[in-house]
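Let's take a walk through this model together, one neighbourhood at a time. Keep the viewer open as you read.

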Amino acid sequence: MSFARRPRLLCLLCQSRAFSTSYRSLAEQRPLPAAATAPKAAKATEAAKAAGTDQPSKETTTPGSPFPPKNAPPSLLPDAPRAYGIRIDAFTPKPLPRPIGMPSPPKPGENMGIDFRTLKQRRDDFVNYKKHLKRREELKNKMSRPYFRDWTNLKFHKGKIFIAPPRPFRSDVSLFFPNLYGQTLLKSDRSRRDTTPALEGKISVVSVFSSVWAENQVGTFVSAEKNPELEKVLEQNKDRAQRVWINIEENSLKALLIRIFIGGIRKRIGEPNWDRYFVVRKGVSHEIRESVGLLNRSVGYVYLLDGNCKIRWAGSGPSEDHERDGLVKGLQRLLEEASPKKA
């Protein structure tokens, strides 16, 4: 924390306007002269010789740069319509080229959307120039996101982002479904809980939606009317397979409406499934949406997970005939993999 340079005779109002919390030493940092960088180059050469290489390693950051190098993985669906970026005029969904999901296994307590920082940590972050720039970038992305872009993108095949794969992904190459944090429909326990404990150890058909339109799209995959074969397989394997509902609602007004009509949701879902219906308010970050393919908030998504929370199959938007058949066959295959093998 520092005070900007100002004349001696200033009123208190002008002095308050001159107050600054920017990281002055970093903001005024200048590239070092060649004489100062020579010892660093000599140390890098010695380290390279010790490692058995002829050339020193090249740094990806430049002197005075406030940002670290960005090694973000390429987007899974670079041509898909999004709520941000350039508006596109034509789009045709394609089958998933590779598994989707997070690279690390989910853990309870992640993505809760709760700030656990102490007052000292918040103060340190407040005067940190790098975090100021990062937060500024996040706010700029939110402000530049058109409000109705998700709805206008529904004109492309009713919002379908990708086509489900014809068969499940192999377990050794599949990625993980993230842990989310939300409230269930249980009357006895109104506290929020993690989704990972409910998913571990069982094969799960997970429905993710944020509106009635998206929930109806999910129904084309998993409802008893549209896919009776799936309902039959789930009924025959209650101890090993289950359905899970995740309703992501970040809008406070819409979340209030869910609380008002929660009785109707309980009646429709059924009491045995109350502990597997999650209403998630926070914690679904931009990285999570890009990793698992939640690119449109107005579209419904279906994921087939194994007992290790790995995404083995995924579908989006309204279902097609081959996608419903692929979901049933994928569930049957995971059940066979999970069944104990006879010696």
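**A histidine, a sheet and a helix with two partners**

His286 has a relative accessibility of 39%, so it counts as partly exposed (buried is under 20% relative accessible area, exposed over 50% and partly exposed in between, with a 1.4 Å probe and protein chains only). This is a predicted model, in which local features need pLDDT of at least 70 and side-chain atom pairs count only at pLDDT 80 or more, while totals for chains, interfaces and linings use all residues. Residues are numbered from 1 along each chain as its sequence is written, and side-chain values use heavy atoms, with hydrogens and water left out.

You will find His286 in helix 12, residues 286-292; helices here are DSSP runs of H or I with at least four residues, strands are E runs of at least two, and both are numbered from the N terminus. Which residues does His286 touch, once its neighbours within four places in sequence are set aside? They are Tyr84 and Arg145, where contact means heavy atoms within 4.5 Å. Glu138 is 148 residues away from His286 in sequence, yet their C-alpha atoms are 9.8 Å apart in space.

Seven strands form an open sheet in the order 6-5-9-8-7-10-11, with mixed pairing; two strands pair if DSSP finds at least two bridges between them. From one strand to the next, the twist averages 30°. Strand 6 is joined to strand 5 (residues 181-183) by three bridges in the antiparallel sense, and Tyr181 sits opposite Asp194 of strand 6.

Helix 13 (residues 321-338) is next. Its axis and that of helix 8 (residues 212-222) come within 8 Å and cross at roughly 65°; axes are lines fitted to C-alpha atoms, for helices over the stretch in contact, and angles run from 0 to 180 degrees between N-to-C directions. Here Thr220, Phe221 and Val222 of helix 8 meet Glu323, Arg324 and Leu327 of helix 13.

Helix 9 (residues 228-236) also meets helix 13, with axes that come within 9 Å and cross at roughly 20°. Helix 9 and helix 13 are therefore roughly parallel (angles under 35 degrees). On the helix 9 side, the contact is made by Glu229, Leu230, Val233 and Leu234, and on the helix 13 side by Leu327, Val328, Leu331, Gln332 and Leu335.

Notes
Angles under 35 degrees count as roughly parallel, over 145 as roughly antiparallel, 65 to 115 as roughly perpendicular and the rest as oblique.
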